[in-house]
Amino acid sequence: MVVTELQETCEECKSSLINDIDSGELICSSCGIVAVEQTVYHGPEIKNVDTIEKMKNSRATGHTTYSQHDLGISTNISISSKDFNGKPIDSHVINQMNNLRKWQQRVRISTSKERRLANVLTKINDICQNMSLSKNVLETASKVYRNIDNKINVKGKSITSIAVTSIYIACKQCDIIRSLGEICKYTSTSKELKSKIKLSSRYYRIIMMELGNTSLPATMDKYISKISNITNTSTRVERLALEISEKTKDHKIAEGKSPNGIAAAYLYIASTLLGHNMLQKDVSNIAGVTEVTIRNRCREILTSYRLKIIVKPNTRFNNLIR
């Protein structure tokens with residue numbers, strides 16, 4: 001960091017100076033000359049991917065985040081045997097600094113509530129990083145848990161399940177289609193998956209009863225686009241499936257049924273009409289439903305509506321015949 005002595009007026013025209021916070025410079029308000037140049041970097045000391053290392057190497061900054069228990073405003077006492085000028089520090093002063101560093105770390109997380117908050121937020125960071133979720137979902141999930149912690153007693157509850165529930169609510173609020181099963185896959189083994197989903201569903205019902213539902217239900221278009229992207233379906237098939245879904249949305253087909261099964265049925269009908277080879281087994285594995293469910297939903301759609309196919313003539317083929 002290079003900082004020169006601050007001046008009150010410009011040396012050239014004696015006018016007042018303006019402090020440019022973004023560039024860290026003092027600029028004359030009249031002639032525009034740069035009177036003082038400062039080089040200040042407000043980012044972290046070292047760029048790290050791990051959340052714990054990022055918290056260790058963070059410095060005090062004006063940018064706050066809900067994903068850290070101290071909102072990202074933290075200052076650490078570094079370990080060094082030399083002062084700022086490079087001179088060696090006395091051993092008595094080093095012992096004092098070690099004691100200060102120890103108590104500073106204890107004061108940052110002093111109560112059990114702060115310790116639980118730090119553990120849950122760290123778990124939320126890890127899950128969002130493994131699922132490649134956006135920063136918006138991370139911040140929303142952290143804010144959701146802070147709201148839960150203030151209104152509901154979460155003492156004694158599973159840290160992993162509470163983190164999964166917070167991310168699930170955040171995905172709903174951010175209009176991102178993710179199920180509890182998909183989120184739990186990144187937190188537990190295949191043997192513990194059912195119990196984790198059951199516990200997370202229980203926490204979700206408790207939170208919704210206490211806080212209320214603050215998110216709008218996802219539309220069928222989101223489910224169709226999600227399955228289409230995962231299965232690498234053609235754009236024409238996805239477009240036709242969205243069109244069929246739009247035409248049949250007034251009918252009560254989706255009431256009381258899984259939206260994944262109906263979205264998979266729309267994609268399967270569209271692929272069949274366009275002549276694409278899409279297996280029911282592949283779609284059912286991605287959607288998380290059985291093949292029987294897809295066949296039943298296709299039967300309900302086809303019996304409730306009559307599909308009229310209009311084939312446009314191929315002018316290029318007609319010209320070749322002539």
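Visitor: Leaving aside neighbours within four places in sequence, which residues is Asn19 in contact with?
Guide: Asn19 is in contact with Glu25 and Leu26. Keep in mind that this is a predicted model.

Visitor: Where is Asn19 found?
Guide: Asn19 lies in strand 1, residues 17-20.

Visitor: And how far apart are Asn19 and Ser29 in space?
Guide: Their C-alpha atoms are 9.7 Å apart. In sequence, Asn19 and Ser29 are ten residues apart.

Visitor: Let's zoom out. How many helices and strands does the chain have?
Guide: There are 13 helices and three strands.

Visitor: What share of the residues count as buried?
Guide: Of the chain's 322 residues, 34% count as buried.

Visitor: Now contacts between residues at least 6 apart in sequence. What percentage join residues at least 24 apart?
Guide: For this chain, 57% of those contacts do.

Visitor: Is helix 5 mostly covered or mostly open?
Guide: Mostly covered. Twelve of the 15 residues in helix 5 are buried. Among them are Ile162, Val164, Tyr168 and Cys171.

Visitor: What do those buried residues pack against?
Guide: The buried residues of helix 5 pack against four helices: helix 3 (112-130), helix 4 (135-151), helix 6 (180-184) and helix 7 (193-211).

Visitor: What happens at the start of helix 5?
Guide: A side-chain oxygen of Ser158 comes to within 3.4 Å of the backbone nitrogen of Ser161.

Visitor: And just after helix 5?
Guide: There, Asp175 takes a positive phi of about 60 degrees.

Visitor: Which residues in the largest nonpolar core touch the most other members?
Guide: That core has 33 residues. The ones touching the most other members are Ile124, Ile127, Leu133, Tyr145, Ile167 and Ile183. Helix 3, helix 4, helix 5, helix 6 and helix 7 each supply at least two residues of this core. The largest share, eight residues, comes from helix 5.

Visitor: What does Leu133 touch, not counting residues up to four places away in sequence?
Guide: Leu133 touches Cys128, Ile167, Cys171 and Arg178. There is also a second, separate core of 24 residues. That one includes Ile227, Ile253, Tyr266 and Val289.

Visitor: Why does Cys298 count as buried?
Guide: Because its relative accessibility is 8%, and buried means under 20%.

Visitor: Last one: Gln280. Where is that found?
Guide: Gln280 is in helix 11, residues 280-287. Gln280 counts as buried because its relative accessibility is 15%.

Visitor: Which side chain does Gln280 join in a polar contact?
Guide: The side chain of Tyr268, through a polar contact of 3.4 Å. Leaving out residues up to four places away in sequence, Gln280 touches Tyr268, Glu291, Ile294 and Arg295.

Notes. Residues are numbered from 1 along each chain as its sequence is written. This is a predicted model: local features need pLDDT of at least 70, side-chain atom pairs count only at pLDDT 80 or more; totals for chains, interfaces and linings use all residues. Side-chain values use heavy atoms; hydrogens and water are left out. Buried means under 20% relative accessible area, exposed over 50%, partly exposed in between (1.4 Å probe, protein chains only). Contact means heavy atoms within 4.5 Å. A polar contact is a pair of N or O atoms within 3.5 Å; within protein, one must be able to donate a hydrogen and the other to accept it, and residues adjacent in sequence count only if both atoms are side-chain atoms. A nonpolar core is a set of buried Ala, Val, Leu, Ile, Met, Phe, Trp, Tyr and Cys residues joined through side-chain atoms within 4.5 Å.
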